[in-house]
Amino acid sequence: MKIFSKEQIYEGDRLTIKKQNISSADLMERAGMSLFNWLDLRLKGAPVPILVFCGIGNNGGDGLVLARHLVTHGYNVKTFVVDFSDTRSQDFLHNYERLKETTKDWPVSIHDESDFPEITNKDIIIDAIFGVGLNRPVADWVINLFKYFKRAEALTISVDIPSGLFTDRSPKQEGAVVKSNFILSFQTPKLAFFLPGTSKYIEQWEALDIGIDQEYMQNTETVAHILGKLDVLPMYKQRDKFSHKGTFGHGLIIGGSYGKIGAVQLASRAVLAAGAGLVTAYVPTCGYVPLQSAFPEAMVITDADDKHISAINFEITPTVIGLGVGIGTDKKTGDALEAFLKTNTTPLVLDADGLNIISKNKNLLVHLPADTILTPHPKELERLIGVWEDDFDKLEKTKAFAEKYKILVLIKGANSIAVYQNKLYINSTGNPGLATGGTGDVLTGVITGLLAQGYSALEATCFGMYLHGKSADLAVETKGYQSLIASDVITYLADAYLDLFAQPAPVAEQPTQA
Ligand SMILES: NC(=O)C1=CN([C@@H]2O[C@H](COP(=O)(O)OP(=O)(O)OC[C@H]3O[C@@H](n4cnc5c(N)ncnc54)[C@H](OP(=O)(O)O)[C@@H]3O)[C@@H](O)[C@H]2O)[C@@H](O)CC1
Ligand SMILES: [K+]
């Protein structure tokens with residue numbers, strides 16, 4: 001699914017109004033109506049108090065439309081206008097009048113703390129204060145209102161985006177954003193929902209279709225994409241009946257050091273579980289016995305050194321190399337990696353200490369083959385690109401870094417993000433059960449295994465991180481968050497593949513009332 005920038009959202013609104021020959025008030029009516037339908041379907045007329053807090057722009061206008069429909073359908077509604085500015089938008093004013101006509105009463109204005117109404121945890125708060133139009137820091141008294149909402153512990157539903165959240169930068173002050181339980185976002189989610197610094201303000205979101213021009217939605221190129229099943233499914237490569245193990249490539253995992261041979265074992269197993277035909281592990285001598293006994297499907301090549309990789313020489317011709325898991329940063333290994341990178345032309349996935357070695361010797365970056373995949377977690381990324389101001393700045397710096405060296409950078413996190421050719425691909429699968437040792441090694445193996453089968457760097461990364469997260473999502477159903485371990489992610493890869501083609505369960509017939 002595409003994630004539109006703020007400018008693209010405004011352009012989509014403008015174009016829709018023009019092409020569909022409607023007014024902006026009509027579009028706002030649709031937006032407000034879609035909010036109402038969503039709520040009405042769930043509340044079914046329940047008399048729960050609904051407090052609608054509106055700003056003075058179009059986000060507030062959406063809130064006013066919602067409030068009007070709630071009132072006309074008999075809900076228990078109170079509407080407030082958060083008066084943070086004198087400049088009202090036209091569509092706000094139009095709907096302000098319409099609400100007045102309906103209720104015969106003006107909404108209550110809030111100018112400062114003394115106007116904050118009583119809110120209990122039985123109420124529902126509708127947050128329609130700021131939308132994507134937020135362009136400067138929020139006034140202190142309005143931030144206090146956000147905090148007041150949080151203290152009330154009422155169910156909080158944000159319209160389009162939690163108020164206080166910018167579309168292109170992180171808020172400077174902690175708590176300067178409404179803590180939403182649910183966001184009803186128009187047409188597409190916003191990038192801030194998925195970034196580590198701002199996703200803490202988001203629990204759940206849903207995109208509401210407000211009929212933005214389909215052609216515009218389809219043809220507009222966006223910088224960011226969120227990857228769901230429908231996005232990765234077209235990447236899947238069907239198997240030919242006459243294929244054999246040579247068809248699916250040969251992955252070579254180079255890594256391991258004394259005490260960290262397990263990382264190679266996990267990555268190598270994941271190479272095969274992702275579907276590669278063959279896997280070889282290249283490890284220090286101490287890795288030979290454990291690998292050969294615990295993982296009979298792998299071939300093993302050993303370094304002359306017992307504990308660390310000291311030279312990278314092999315006579316096989318792998319399709320792809322995954323390098324770095326458990327490799328350590330021993331001086332010998334650093335030298336071996338340098339010599340190897342200066343001559344290697346095989347497609348490469350670089351992870352863990354492989355990245356840390358390169359961070360200390362950045363001259364090596366120019367030797368990476370085009371489309372090399374780097375899979376850093378945030379600390380490893382910082383060692384590569386330096387510090388950043390906020391998530392948005394981090395993504396800009398990563399884009400520039402990836403472009404400079406013509407590589408792909410996969411930033412690992414709760415929502416892993418692949419950065420490639422100035423675009424962002426955000427994974428939607430995965431859960432906190434993955435916060436356990438070895439899951440990164442498995443991811444390296446999965447991506448290596450997909451590259452071996454002929455997936456492009458971008459496909460292998462997107463499909464790989466999706467499958468890896470999906471596998472964990474399926475595994476937690478029986479393992480729980482605490483007990484899930486990296487090996488489970490390999491085991492459940494099979495289910496993640498099968499899930500791609502699973503038919504949705506038929507909806508059970510509703511019993512009819514006599
Ligand atoms: N376009 C359409 O047709 C549709 C739009 N839709 C809805 O519109 C929303 C965007 O609406 P919006 O552009 O009016 O901005 P909104 O977020 O309501 O902010 C209001 C204004 O506040 C101002 N301001 C900014 N920061 C400030 C601050 N810190 N403190 C004080 N003031 C500040 C700034 O104005 P300024 O003062 O800069 O002139 C800004 O314009 C969008 O999220 C969606 O909900 C839907 O109905 C679908 C159809
Ligand atoms: K909002």
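**Sheet, ligand shell and domains in a predicted model**

Visitor: In what order do the eleven strands of the open sheet run?

Guide: In this predicted model, local features need pLDDT of at least 70 and side-chain atom pairs count only at pLDDT 80 or more, while totals for chains, interfaces and linings use all residues. Residues are numbered from 1 along each chain as its sequence is written. Strands are DSSP runs (E, at least two residues) numbered from the N terminus, and two of them pair if DSSP finds at least two bridges between them. The pairing is mixed, and the order is β1-β9-β18-β17-β16-β15-β14-β13-β10-β11-β12.

Visitor: Which strands stand at the edges?

Guide: Each edge strand has a single partner, so one side of it is left without a neighbour in the sheet. The two are β1 (2-3) and β12 (299-302).

Visitor: Which residue of β11 is the bridge partner of G251?

Guide: Strands β10 (residues 250-254) and β11 (residues 278-283) run parallel and are joined by five bridges. The partner of G251 in β11 is V279.

Visitor: Which helices each supply at least two residues of the shell around ligand 1?

Guide: The shell comprises 28 residues (C-beta atom, placed from the backbone, within 6 Å). The closest are G57, N58, N59, G131 and G133. Helices are DSSP runs (H or I, at least four residues); those asked for are α1 (6-19), α2 (24-43) and α3 (58-72).

Visitor: What distance separates the centres of domain 1 and domain 2?

Guide: The bounds, from an automatic or database domain assignment, are 2-222 for domain 1 and 233-237 + 244-500 for domain 2. Taken over C-alpha atoms, the separation of their centres is 41 Å.

Methods:
Chains lettered and ligands numbered in written order.
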